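Subject: Structure handover

Hello,

Here is the structure you are taking over. Please open it first, then read the notes below it.

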Amino acid sequence: MKAIVTGMIVASPVGGVAWDYGQYALGLEQLGFEVYYLEDPGIPSYSYKPETGMYEEDPSYGIEFLKRSLALLSPTLAQRWHYRAVDGQTYGLDTATMAEVAAEATLLLNVSGGSVLRDEYLRCRNKILIDTDPGWNHFVIFPQWDKQPAEQQRWGWRSHDLFFTYALHLVQPDCLLPTFGIPWLPTRPPVVLDCWQPQPPAQQWTTVMTWNHYQQPIMHNGIRYGSRELEFEQIEALPIHHPASFEVTIDVNGEAPLDRWRSLGWSVVDAEATSASAAIYRKYIEQSRGEFGVAKNVYVATRCGWFSCRSVCYLAAGRPVVVQDTGFSKYIPTGLGLMAFIDLNGAVKAIEAIERDYDTHQQAARELAQTWFDSRLVLSEILEHIE
């Protein structure tokens, strides 16, 4: 059986992104599939280059990062990939070979909509969209596709056969995201447990984040939505209220108020260093005491139930997770290993509860990863729906 997994590793060559998409590919391989990685955005798309801090047409850095990342996951994945650049040039497997793979594949997992559905990909009999960014997709990307001419739309998001989303609460009346008449199915970020091994805990609670994902706020029905910049300020005084060590990993050259955070007691680390490779990123998570973080405002304000692909890696590494509730607590067990908060007071109480019995929460974190996010479980649930 052959399977294709799409992603955005060349576009965003950082450690966390490599795990976001790579664990889908490795998880399917462990289930017995012959897996191929595909990145074909189809529209003008650029590759981030840490050296310049810019997105550039030249994908050479991203290509090399992709090669290293796939090799870390699996020697076979390192030989089975295809990337199509903004100028149409292809890398890895040639176009004809990739077309043959698509025609023979049992499924194409279009994670984050990382690929357009070219005619050759449409031949795959189970084309599955995994909506990992509810809010941005539902308010911006999907409406943009629906405005395209019919000839272009057939390559777009509605041409999939099945639709899964990280927005666990999407179809409920109090969720503010539109469904577009699509029969969405809930899913969760998969984690390959073998890749994450509990280590002796460090002292610092860590969070890895981008300060502002959007060049301008998202507007929908007169409501303004943003990213983490609208949420973090509500809990930034946490180090004043609890003696634990807290560290934020972020682009230190961005617009985040780093000096204010330092004055409040946060340690600030440059994300470029901790995300330089998939291996370095993994080590950073495994050496943390736990994850503490906020979600994008658009996830929180729409009550969509999104849960983080980064958090599942912390859990798999036996690291307790304390994160802002987006509505996921209605679907994923909290209270041991995973704590959800809605305000600063709730965040302080969650940290206090875990620190009182850290060993129990550490064990519970790993168990939660095993029972809810194990790639074998998550991907098998998806496979139950294919022909």
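Start with helix α10, residues 278-286. Its buried residues are A278, Y281, Y284, I285 and E286. What covers them includes α1 (15-30), α2 (60-73) and β11. Also among the covering elements are β14 (245-250), α9 (271-274) and α12. One thing to keep in mind throughout: this is a predicted model.

**R319, next to the end of that story**

E286 leads on to R319. R319 sits in the loop between α12 (309-316) and β17 (321-324). Which side chain of opposite charge is nearest to R319? That of E286, at 7.6 Å. A salt bridge needs a distance within 4 Å. R319 is buried and has no salt bridge. E286 does meet R319 in another way: its backbone oxygen lies 2.8 Å from a polar atom of the R319 side chain.

R319 also has contacts beyond its sequence neighbours within four places. From α10 these include I285 and E286.

**The cavity**

How many cavities of 30 Å³ or more are there? The count comes to 1. The largest cavity holds about 110 Å³ of space. Its lining has 16 residues. Nearest its centre lie V294, W306, S308, S311 and V323. Four elements each supply at least two residues of the lining: β11 (204-208), β16 (290-293), α12 and β17. Note that α12 and β17 are also the elements on either side of the R319 loop.

**Salt bridges**

Side chains of opposite charge can pair when their charged atoms come close. The whole structure has 18 salt bridges. Here are some of them.

- R154 and D119 meet at 2.4 Å, N to O. R154 lies in the loop between α6 (150-153) and β9, and D119 in helix α4 (residues 119-122), so the pair ties together parts that are 35 residues apart in sequence. R154 is partly exposed, at 31% relative accessible area. D119 is partly exposed too, at 36%.
- D133 and K296 meet at 3.4 Å, N to O. This pair links distant parts of the chain, 163 residues apart. D133 is in the loop between β8 (127-131) and α5 (136-146). K296 is in the loop between β16 and α11. Buried or exposed? Both D133 and K296 are buried.
- R262 and D259 meet at 3.3 Å, N to O. Both lie in helix α8 (residues 258-264), 3 residues apart, about one turn of the helix. An α-helix has 3.6 residues a turn, so residues three or four places apart point the same way. R262 is partly exposed, at 43% relative accessibility. D259 is exposed, at 62%.

There is also a network of salt bridges. It links D40, R84, R118 and E120.

Most residues other than glycine have a negative phi. Two residues to look at here are F180 and R303.

F180 has a phi near 60 degrees, a positive value. It lies in the loop between β9 (162-165) and β10 (185-186). At 23% relative accessibility, F180 is partly exposed.

R303 has a positive phi of about 55 degrees and is not a glycine. R303 lies in the loop between α11 (297-301) and α12. It is partly exposed, with a relative accessible area of 38%.

**L108**

Last, look at strand β7, residues 107-111. L108 lies in it. How accessible is L108? At 0% relative accessibility, it counts as buried. Buried means under 20%.

Which residues does L108 touch, leaving aside neighbours within four places in sequence? They are I4, T6, L117, Y121, C124, N126, K127 and I128. L108 and H160 are 52 residues apart in sequence. Their C-alpha atoms are 9.3 Å apart in space.

Best wishes

Terms used
Residues numbered from 1 in each chain as written. Predicted model: local features only at pLDDT ≥ 70, side-chain atom pairs only at ≥ 80, totals over all residues. Heavy atoms only, no water. Buried < 20%, exposed > 50% of the residue type's maximum accessible area, 1.4 Å probe, protein only. Lys, Arg positive; Asp, Glu negative; His and termini not counted. Polar contact = N/O pair within 3.5 Å; in protein donor to acceptor, adjacent residues only side chain to side chain. Contact = heavy atoms within 4.5 Å. 1 Å grid on protein atoms, 1.4 Å probe; cavity = no way out; pocket = protein on both sides within 12 Å on 5 of 7 lines; lining within 4 Å. Points joined across faces, edges and corners; volume = space filled by probe spheres on them.
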